Amino acid sequence: MSRYGMVIDIDRCNGCGACMVACAAENNVPPAHRDATERTGVTWMRVYRVENGAAYPANRARFLPVMCQQCGDTPCAAVCPQQAVERDPKTGIIDQVPQRCLGCRYCMAACPYHARYFNWWDPVWPAGMEKTLNPAVAPRMRGVVEKCNFCHARYQAARAEAAAAGKKAGKIGYTPACAEACPVEAISFGDLDDPDSAVAGGAASPDSFRLLERLNTQSKVYYRSREPWVRQMAGSRLVQIRKEKARV
Amino acid sequence: MFPGIYGFRLDAGHILFLGAFYTVVLIVGTTVLYSLLRTHRALRSGREPAIRWISDFHDLPARDRACRHALSGQAPGRRCERGFDCRDCAEHAGFGAPPSTGEASFELLGVTVPLDRWYSRGHSFVHAEADGTFTIGLDPIAERLAGPNSRVDLPGIGATLEVNQAAWSITAGEERVRVLCPVAGTVVAAGGPGWSLKLKPGRDCGLTHLLCAGEVRPWMQREVERLQASLEAVGGRAVMADGGGLIEDPGSAYEERAWAGAIREFFLEP
Amino acid sequence: MSEPVVAGVRRCSFKQFLAWVLPWSALFAFGLYSAGLCLVRGLNQTNMDNRFAFGLWIFLDLTVIAFGAGAFLTGLLVYIFKRDELRAVLNTAVIVGFVCYSGAIVVLMVDVGQPLRAWYTFWHPNVHSMLTEVTFCITCYLTVLAFEYLPVVLKSRDLHRIPKFLVFEFELHKLMPVLAGVGAFLSFFHQGSLGGLFGVLRGRPFAFREGFAIWPSTFFLFVLSSAAAGPSFLLLITWAVEKISGHRLVKRDALASLGRISGVMLILYVLVKCVDTFIWINNTSPSVGFPAHRFYSRQPFGAWLLLCEIVVFGLLPALVLLDSGRRRDLRWLLPAAALTCFGIALNRFVMTIQTLALPTLPFDPFLLYMPSWQEVGTFLAVVAYGVLVYSFSFRYLPVFPQERDLAVR
Amino acid sequence: MNLGRRRWLGLAAGAAAGTLFTPAPWKLIGDSALWSQNWSRIPKLPTGEFNVKYGVCTLCPAGCGIKARCAGDQVFGLTGVPGHPISRGKLCPLGVGAHQLPYHPHRFAGSVARQADGRYLPAELERVAATLRARIASRKSGEAVAVLDERPGRAISYQYRRFTGGLEDGLYLVPPAGEGATLAALSAQSERGASFGFRIGEARAAVSFGAPLLDGWGVPAEVNEARYRSQRPLRIIQAETRQSPTASLADVWLPIRPASETALALAIAHVLIRDGRAPAAVIERMSDGAEYRELVMRYSPEQASRECNIPAAAIEQAARMLADNTPAVAIGGGDAGGGPAGAGAETAIASLNMLLGAMGTVIVGKHELPVPDSWSSPPLSPERRIDSDVPDGSISMLILGDSPSGDALPWPLIERKLAPDHVIVSLSPYAETAARRAHFVIPAPAFMESFEESPGSAVSANPSWAIAQPLVRAPSLAVHPLTFLARLGAAESSIEDLLRQRLEELHKLGKGEIFTPAGTRPIGEFKDAKELWTAMTGGGVWTDSPVLEAARPRRFGVREIASAPARTGRAEFPIMLLPYARRGEAGTTALPPLMSKVYQESRLRLSAPLLRVHPATAAASGVADGASVRVEMRGEGYAGNIAVDASVMPGVIEAPAGPMAALCVNEDCSWRVSPARIKRIS
């Protein structure tokens with residue numbers, strides 16, 4: 001039994017996006033369709049640029065990687081009409097089962113983190129590029145919802161390895177693609193229930209916080225920042241942010 | 001969904017939810033199957049004509065469903081609910097026998113209506129013959145409306161007829177209307193002088209449901225008014241000839257469709 | 001053809017009918033085309049996106065099903081509570097209901113990404129999901145409606161001649177009360193669940209409501225509001241058909257009685273909604289860190305929406321409909337009914353579109369959404385489908401039992 | 001029996017009902033679902049034995065180690081090599097997605113010739129080579145044949161140099177200094193040939209004049225280690241107009257007005273000298289020490305605060321912070337899109353280092369890697385910088401080298417040097433940026449398709465060298481630059497041989513150590529070059545400690561500082577255009593398609609032409625948010641869309657250079673700031 005979680009140090013993230021690319025490459029998320037916008041693409045992991053809302057030169061910015069927050073008390077799993085959202089009791093990981101997903105997108109409406117993505121297009125790679133797909137992860141078909149599952153394929157591999165090595169399951173260490181890729185090591189991953197894991201320490205630290213904590217989703221992704229405005233903002237204060245053209 | 005299918009658990013939620021669902025399915029299914037079953041039975045037991053009449057009867061405009069006692073003024077505004085079949089009508093008995101007028105016949109629009117017989121609301125008469133059979137045919141007004149060159153299709157000898165079943169049909173011009181059978185019985189002869197069918201009465205051939213004596217005139221008067229009303233509704237001229245008599249072959253005086261509609265209403269076609 | 005298509009009543013010439021039906025058919029065809037695009041090329045044809053996971057279609061479903069509520073209500077009142085003056089509009093209610101529900105289901109099928117898997121919801125249902133409840137109830141109820149519609153169809157001139165059909169219609173009609181009862185039961189639950197659909201969204205403080213047991217308050221609000229909208233819509237439709245066909249079809253008291261039911265339900269709804277809104281503003285929403293006033297800080301979705309919902313489209317028509325004098329006067333009745341319907345539609349709009357437009361992540365922008373022509377086309381297809389089904393029913397089936405009497409002067 | 005219509009209907013209905021009791025319809029439903037599950041439009045996954053190969057990323061000079069996860073011989077994922085001395089097991093987004101580059105949609109299938117209408121038509125290598133040979137032979141004297149090599153110091157670079165050396169007035173060109181601009185200024189201030197590098201790890205504080213220290217500068221792992229070490233982490237003062245990621249993460253952000261770097265550098269020097277925090281001996285030693293002191297004294301913090309538009313106190317504070325945390329270092333050079341601040345400013349920044357105690361500690365000498373004598377023997381062209389060392393209109397044939405630097409290479413700069421009837425040849429595998437302007441393209445093998453090498457970062461003082469073995473087979477029509485050079489008459493050779501020769505040289509030298517995923521061993525432990533080769537091609541990298549005894553600069557370069565042209569807004573160009581880009585994205589290479597996640601789907605990086613301006617600026621130019629406009633600069637201009645944003649400095653346009661850098665180059669060959677104006681397109 002473990003409870004995998006993440007701690008992301010906002011004061012380190014420079015928004016390079018390596019995590020997003022690594023995630024997409026690992027999980028066979030296709031490149032954006034020609035007509036895709038920032039609202040119709042599939043980005044299991046999305047890095048937001050957040051600002052304190054002040055005008056130049058008082059403005060300050062941080063980068064906030066947001067993926068499925070792996071809630072302990074999931075708003076999404078409860079609403080799925082056909083049990084396409086599964087929780088693995090051994091890891092606490094919430095996974096989406098594309099083969100069972102109807103594509104009703106009710107879970108997307110339910111998710112306060114907008115961390116669920118719908119396949120608006122068929123998954124298409126440029127000619128010949130299918131060769132570079134990760135054999136361990138099945139690409140999703142058009143018309144289903146998908147989201148971050150803490151690189152479940154990697155967990156499976158690690159488990160198989162552990163089993164082969166005769167270790168008892170449950171205490172399995174592995175690293176998701178984003179944490180592995182982050183050049184500034186802002187993302188740490190591990191078992192929140194293991195007191196001497198880095199994440200347990202990070203989650204407990206005074207400058208750590210969770211997104212929309214008051215919704216009480218018990219999310220397992222923690223963030224850290226020494227900047228008060230970041231911690232305050234990440235609660236549920238609506239702050240004026242960089243103008244983004246919403247598709248109208 | 002069922003035990004054994006992925007995601008099925010025997011917890012309160014599933015039991016309540018699926019329980020309710022299966023119940024609903026069961027109820028709806030049973031209802032439909034049951035009505036199918038009854039349909040089958042009804043068809044087998046030949047109740048189709050009766051049912052047809054009842055359903056037709058309910059489609060008649062309210063005004064045409066007036067009770068005979070309403071027409072005779074005994075119970076103004078009373079509506080019939082049993083398809084003009086007074087035999088099992090509890091209230092009917094209460095009204096007692098129809099008042100006798102003493103006369104053998106009366107004149108209406110220059111047509112003689114004999115009162116030695118019973119009349120059905122479907123404009124057929126019943127005349128008890130000496131040999132215990134009944135002769136039935138169209139009443140004089142209906143006869144006149146059908147016109148001289150109307151075709152009549154009679155059932156074959158030996159056909160058994162029920163009350164208010166379509167006994168025979170007449171075709172006036174384009175329009176074919178059915179004539180309701182006034183009494184139950186078996187056809188023994190067809191197309192005699194002044195009558196269309198001769199019936200050997202079947203069991204319970206009570207005639208209480210038919211009009212007779214004093215009831216006939218008001219009813220027939222009203223029927224004529226009804227006819228006029230429906231003709232005027234389609235913008236017809238008066239059905240009367242000068243001098244208030246019913247002209248020969250009134251149909252000829254009317255535009256085809258208008259007349260057809262009037263005739264259908266007259267013969268209680270829904 | 002000498003014999004009238006519907007016993008005892010006159011209908012317009014076939015040419016006229018064609019002239020009326022053709023444009024609608026064209027619209028319907030266009031709608032089918034756009035729906036086809038969405039099915040074949042996928043939902044990228046719409047303007048929905050990951051934030052606006054629901055759009056015009058879900059709004060349409062919610063509204064249309066609320067309007068369809070007239071069916072179960074009238075059925076209930078006629079067959080169970082023996083309110084015979086409503087018999088006059090019963091068939092209309094059934095047809096409208098049937099159109100609304102079948103339309104909604106079809107649109108839902110286009111709306112989902114993998115329509116082929118629709119049956120999964122039945123095969124491995126998650127009984128805790130409001131959507132499951134909705135799906136089950138709606139499909140069941142559509143079946144019920146079909147069986148309520150069947151007798152009307154069987155009464156058509158040609159089918160009526162066939163003894164089998166005649167007798168079946170006769171027998172089935174006898175058992176209607178059972179179906180009406182079941183229908184009422186189902187409707188109560190799915191109308192409610194449609195409200196629950198949004199009420200349970202813990203992640204959307206704008207929509208989330210507390211409630212009783214597993215049902216959020218929106219569950220009951222939706223039941224009431226649909227019960228208010230159904231009769232009003234029925235009333236409007238009937239009146240519209242009278243105007244278009246140029247026949248008097250129902251006695252005025254039927255309309256008035258519909259108005260009265262609508263009024264009662266509406267006033268109840270308004271009262272409950274006020275209480276609910278009060279609790280939400282003062283407790284539910286702030287307790288999760290979302291002061292309610294902020295939801296209305298983003299134009300065009302200002303507080304005026306809430307005000308309109310409750311006063312202009314709620315209290316106002318309710319009072320008119322409850323006044324027995326005004327209710328009998330079409331010049332009051334019709335506008336009131338229209339306001340009621342519009343108000344409920346507005347409520348459904350707020351529930352879907354505004355809920356999704358508001359960001360939950362503090363650094364996420366407020367979004368606007370405009371449906372693509374494919375979405376609008378599909379929407380119109382449902383409207384056209386409704387008009388067509390009703391037009392044909394009206395022409396070829398005996399829909400209004402009172403019409404014949406009213407035709408005679 | 002007669003089959004009437006009704007009977008038929010009955011039959012049909014019965015049949016329909018009947019089928020419900022056969023398995024057919026249910027099977028059909030099931031299959032339909034299955035079909036939707038293995039959706040025909042889902043690509044098939046690669047099969048093959050899982051294995052791991054090692055290489056080195058050559059997309060930029062940093063030279064990060066890559067661990068390629070392969071199915072059979074197909075690479076499906078790239079990650080860093082744990083413990084790698086250069087990358088410490090990390091990669092940038094370009095590197096992470098780079099395994100898709102060989103399949104990039106913009107890749108050339110083979111040699112092409114560009115038509116007048118811009119279309120590419122296939123052209124046989126032989127034919128192209130013949131044409132070029134003819135051009136070379138028939139060119140007028142004084143017209144140069146030039147090779148522009150964005151990644152000097154590689155074996156192939158020496159081949160380029162020998163090729164141009166073989167021709168009279170052949171030119172071997174390298175791009176403008178870029179992130180090494182400050183170092184270039186320093187060597188200009190020293191005796192000839194002296195070259196420097198940073199040991200950022202040694203610094204305790206750094207003042208960066210727009211250098212993206214926390215965003216891919218130099219060897220990112222080195223900076224990160226310094227920045228995030230527990231003991232006395234590197235403190236960063238970011239002097240930059242734009243709030244770049246580094247600016248927002250730095251300890252101090254000085255939001256200075258564009259092109260006021262000189263003023264700030266001098267003002268900091270002013271405070272240091274005024275407060276006696278600068279070693280007097282250094283100033284004495286310099287040939288122009290007196291003039292420098294005099295110049296600096298004119299730049300009081302108050303004076304500078306007017307030019308830089310930041311409080312004088314902030315400048316004092318910054319200066320003190322640097323003085324308290326010696327050794328501190330001043331770094332210029334700018335980011336990949338903006339480029340250096342101009343010779344004058346870079347000199348001012350460079351000379352600041354002499355007061356901060358950076359010389360000999362943080363900034364030390366850097367020696368070229370050893371090469372076989374046969375390479376460096378004549379004919380060998382000297383390195384020339386395209387911006388400063390070449391007269392305009394002098395190049396009649398320009399060959400754009402194979403490998404990108406990841407930094408912007410402004411086309412106007414190159415264009416300026418071309419003769420009227422010039423011919424341009426590109427060796428880029430992709431139809432991107434400069435290659436789109438070439439008359440002929442001889443596409444080299446793509447990333448991972450051939451032996452490549454990484455001679456180490458231009459700015460890091462720590463010498464390193466690594467070889468990348470080919471991980472993917474190159475398509476038959478790709479032409480290796482060596483083959484191309486051979487067609488032009490240079491000596492035939494294979495890249496593998498060259499690399500082996502160079503490795504032998506390294507082995508002979510016997511200094512430094514070799515890191516391999518298996519572990520680190522001194523080079524001496526490898527008994528011969530063959531064994532070394534196996535280690536190196538297996539993800540090995542050679543590193544050595546830098547040489548500390550360094551040539552010291554002789555002068556502050558007051559002349560350059562003073563002669564720097566002032567870049568203040570003129571009447572007709574009131575706004576300052578600031579192009580910017582992140583490492584790699586403004587270069588001449590293609591971006592992995594997955595970068596669409598970063599650009600298109602998250603708008604984390606804005607792609608040209610999105611122009612961010614302050615509301616005031618927008619109002620002044622009469623444009624609203626989302627307006628489509630044309631930015632006009634002197635002689636240049638391009639179309640874009642306005643994004644109004646209060647976090648931009650009033651009076652400037654923040655313009656992402658993006659993959660297609662459209663930059664305006666000033667007289668002093670800098671393009672970090674260009675006066676511009678906004679015209680609405682109606």
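A residue counts as buried when its relative accessible area is under 20%, as exposed when it is over 50%, and as partly exposed in between. The model described here is a predicted one, and D:Glu191, with a relative accessible area of 32%, is therefore partly exposed.

**A salt bridge across chain D**

D:Glu191 is paired with D:Arg554 in a salt bridge whose closest N and O atoms are 3.7 Å apart. D:Arg554 lies in the loop between strand 22 (541–543) and helix 20 (558–563) of chain D, while D:Glu191 lies in the loop between helix 6 (181–188) and strand 8 (196–198), so the pair ties together parts that are 363 residues apart in sequence. The arginine of this pair, D:Arg554, has a relative accessible area of 52% and is therefore exposed.

**Other salt bridges**

Over all chains, the count of salt bridges comes to 83. Among them is the pair of A:Arg142 and A:Asp122, with 3.4 Å between the closest N and O atoms. Both residues are in the loop between strand 6 (116–118) and strand 7 (145–147) of chain A, at positions 20 residues apart, and both A:Arg142 and A:Asp122 are buried. In chain D, D:Arg127 forms a salt bridge with D:Glu124, and these two residues are both exposed.

| Positive residue | Negative residue | Closest N and O atoms |
| A:Arg142 | A:Asp122 | 3.4 Å |
| D:Arg127 | D:Glu124 | 4.0 Å |
| D:Arg554 | D:Glu191 | 3.7 Å |

**A buried glutamate without a salt bridge**

C:Glu375 is buried but has no salt bridge, and the nearest side chain of opposite charge, that of A:Arg105, is 7.5 Å away. The residue belongs to helix 16 of chain C, which covers residues 373–396. Leaving aside residues up to four places away in sequence, C:Glu375 touches C:Thr46, C:Asn47, C:Met48, C:Leu56, C:Trp57 and C:Tyr369.

**Backbone features**

Most residues other than glycine have a negative phi, and most peptide bonds are trans. Against that background, two cis peptide bonds can be pointed out, one of which joins A:Tyr56 and A:Pro57 with omega at about 0°, and another of which joins D:Pro378 and D:Pro379 with omega at about -5°. A:Pro57 is placed in the loop between strand 2 (46–51) and strand 3 (61–66) of chain A, whereas D:Pro379 is in the loop between helix 15 (373–376) and strand 14 (383–385) of chain D.

D:Arg232 is found in the loop between helix 7 (220–228) and strand 10 (235–239) of chain D, and its relative accessible area of 53% is why D:Arg232 counts as exposed. D:Met448 sits in the loop between strand 17 (440–441) and strand 18 (452–454) of chain D, and at 3% relative accessibility D:Met448 is therefore buried.

Chain D contains 22 helices and 28 strands, whereas chain C has 17 helices and 2 strands. For the 682 residues of chain D, a compact globule would have a radius of gyration near 26 Å, and the 29 Å of chain D agrees with this. For the 409 residues of chain C, the corresponding value is near 22 Å, and chain C agrees at 22 Å. Along the principal axes, the C-alpha trace of chain D spans about 125 × 65 × 60 Å, and the C-alpha atoms of chain C fill a box of roughly 70 × 55 × 40 Å.

In chain D, 61% of the residues count as buried, and in chain C the share is 62%. The accessible surface of chain D is about 25700 Å², with 55% belonging to carbon and sulfur atoms, while that of chain C is about 14600 Å², with 74% belonging to carbon and sulfur atoms. As for charge, chain D has 73 positive and 67 negative charges, with mean positions 6 Å apart, and chain C has 33 positive and 22 negative side chains, with the centres of the two sets 4 Å apart.

Methods: Residues numbered from 1 in each chain as written. Chains lettered and ligands numbered in written order. Predicted model: local features only at pLDDT ≥ 70, side-chain atom pairs only at ≥ 80, totals over all residues. Heavy atoms only, no water. Helix = DSSP H or I, 4+ residues; strand = E, 2+ residues; numbered from the N terminus. Rg over C-alpha atoms; globule rule 2.2 N^0.38 Å. Buried < 20%, exposed > 50% of the residue type's maximum accessible area, 1.4 Å probe, protein only. Areas by Shrake-Rupley, 256 points an atom, 1.4 Å probe, with all protein chains shown as cover. Lys, Arg positive; Asp, Glu negative; His and termini not counted. Charge placed at Lys NZ, Arg CZ, Asp CG, Glu CD. Contact = heavy atoms within 4.5 Å.
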